[in-house]
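Here's a quick briefing to read alongside the model. Have the viewer open and follow along.

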Amino acid sequence: MLKEYTLKNYLLFIIPSIIGILLFITPISVADGTTIPIAFLAGLVEDGLAPYLSLIMMLIIVITAILTLLGFATKGKAYAKTPFFQGLFTTSLFWTITRVVAAVFAIMVYFELGHEMFYSGDTGGTLLHGLLHTLFTVFLFAGLFLPLLTNFGLLEFFGALMTKVMRPLFRLPGRSSIDALASWVGDGTIGVLLTSKQYEEGFYTKREATVIGTTFSIVSITFSLVVLAEVGLQHMFVPYYLTIVFAGFVAAIIMPRIPPLSRKKDDYINESTEPIDESIPQGYNSVTFGLKNALERSKTETNVFKFFKEGFQNILDMWMGVAPVVMAFGLIALIIAEYTPFFSWIGAPFIPLLELMQVPYAKEASETILIGFADMFLPAIIGSGIESEMTRFIIAALSVTQLIYLSEVGGLLLGSKIPVTFLDLVFIFLLRTIITLPIITLIAHFLF
């Protein structure tokens, strides 16, 4: 069955795939805890370029706005000879305005113009001088090396192996197992990037891409530890992370089966794309068929120039497509969170529920329940002063399992090609809160 393939075919599949696994999925120990090599490399570059990254990101966002205005004014004709740039800079009126607003915000934050609420360390400073530094470097390495995971047969191999697990549990194709693992073990930003690229290339339907992007793109283990440290419970990391994994697993089973995710169409980005047949032909088993698919895929990748060209296009796509969205939506959300009582008001209905579940300091805890939609670190900051360890544990675990927050994953999803709307994110965030809060609280009662 596999005799027609040469040693070169096998090596072209095995070597890049192993490098991809090592870079994106393999946990390594560093001084600050556990991370993955891609994130470690990004951290080194971020440290080295730290004095310049705010300026670089401001310029990227401003240049993106200018080029998008040109594309909108000429209806894409300015980029007719370069399809990649035409796709990147020819957008709707809404996204054109979003990028212009992002450019204005970036200039205001960098030069500290206007009211302090735009550029303070809790709002614009958090984004331009913090998060966008990380996104710049993570996208640099993740974008460049992402083809190692996607282009050399690894997803095809695991697609055949994991279909019998991913389909019944999560209603997802088997190839998404690598995507989900990279998102969960690695970093949510990497997960969104990988999911978006697979969707654009016709490997995921609209429903599948949305499910993966909003269900598995969790924050890294390292950042989870930072959240736990903020609430003073570092000594409980193992039960804390196991709680997150269990609650997240339950949510991942339920969420694809209820609206809005269940109502997403199983259509591909290109309507003429034929559905991927996951059935195993006669004469093959899941391993041999997965290997055959992997070898067929890797045979098409023999051009080094094409590899790096695709990598650099990934980088530009994320820098210029995503960063403005994070800047625009993230800053508005953080201003609302920091300068208005809006999130305290909408958290008030949770007080009776928290009291029913016998959570100490229910009123104080309610103020943290929904503010995580703006930024997932805010609940830990606000809840760090609550005297009850159990309540602080619940707040820290819930803020991670809620998963959708506009200052990063939410903004990334809106800026990507994944077909998710702002209202989708609101409903998904609320549903994940309702599903995971009782689970986390029940476990907390056993621990404390």
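Buried here means under 20% relative accessible area, exposed means over 50%, and partly exposed sits in between, with a 1.4 Å probe and protein chains only. This is a predicted model, where local features need pLDDT of at least 70, side-chain atom pairs count only at pLDDT 80 or more, and totals for chains, interfaces and linings use all residues. Residues are numbered from 1 along each chain as its sequence is written, and side-chain values use heavy atoms, leaving out hydrogens and water. Helices (H or I, at least four residues) and strands (E, at least two) are DSSP runs, numbered from the N terminus.

**Salt bridges**

- A salt bridge is a side-chain nitrogen of Lys or Arg within 4 Å of a carboxyl oxygen of Asp or Glu, and the structure holds 13 of them.
- One of them joins Asp317 and Lys197, with the closest N and O atoms 2.7 Å apart. Asp317 lies in helix H15 and Lys197 in helix H10 (residues 188-200), so this pair ties together parts that are 120 residues apart in sequence. Both Asp317 and Lys197 are buried.
- Arg167 pairs with Glu208, and here the closest N and O atoms are 3.2 Å apart. That pair links distant parts of the chain, with Arg167 in helix H8 and Glu208 in helix H11 (residues 206-215), 41 residues apart.
- Arg297 and Glu301 form another salt bridge, their closest N and O atoms being 3.1 Å apart. Arg297 and Glu301 are both buried.
- Those two also belong to a network of salt bridges that links Glu156, Arg175, Arg297, Glu301 and Lys306.

**Around Asp317**

- Asp317 sits in helix H15, which covers residues 304-339, and its relative accessible area is 10%.
- What does Asp317 touch, leaving aside its neighbours within four places in sequence? Counting contact as heavy atoms within 4.5 Å, the partners are Phe84, Leu88, Lys197, Glu200, Val322 and Lys417.

**Surface patches**

- Patches are made of residues with over 30% relative accessible area and no salt bridge; like charges are joined within 9 Å, and nonpolar side chains (Val, Leu, Ile, Met, Phe, Trp, Tyr) within 5 Å. Accessible areas come from the Shrake-Rupley method with a 1.4 Å probe, and for residues only the protein chains shown count as cover.
- Leu7, Leu11, Ile14, Ile15, Ile18, Ile19 and Leu22 make a nonpolar patch of about 620 Å². Leu22 is in helix H1 (residues 7-24) and is partly exposed, at 47% relative accessible area.
- For charges, Lys and Arg count as positive and Asp and Glu as negative, with His and the chain ends not counted; a charge is placed at NZ of Lys, CZ of Arg, CG of Asp or CD of Glu.
- On that basis, Glu112, Glu116, Asp122 and Glu338 gather in a negative surface patch. Glu338 belongs to helix H15 and is partly exposed, at 35%.

- The Pro259 to Pro260 peptide bond is cis, with omega near 5 degrees. Pro260 is in the loop between helix H13 (237-254) and helix H14 (286-299).
- Arg171, a residue other than glycine, has a positive phi near 60 degrees. Arg171 is in the loop between helix H8 (154-170) and helix H9 (176-186), and is partly exposed at 31%.
- Gln358 also has a positive phi near 60 degrees. Its loop runs between helix H17 (350-356) and helix H18 (362-369), and at 58% relative accessibility Gln358 counts as exposed.
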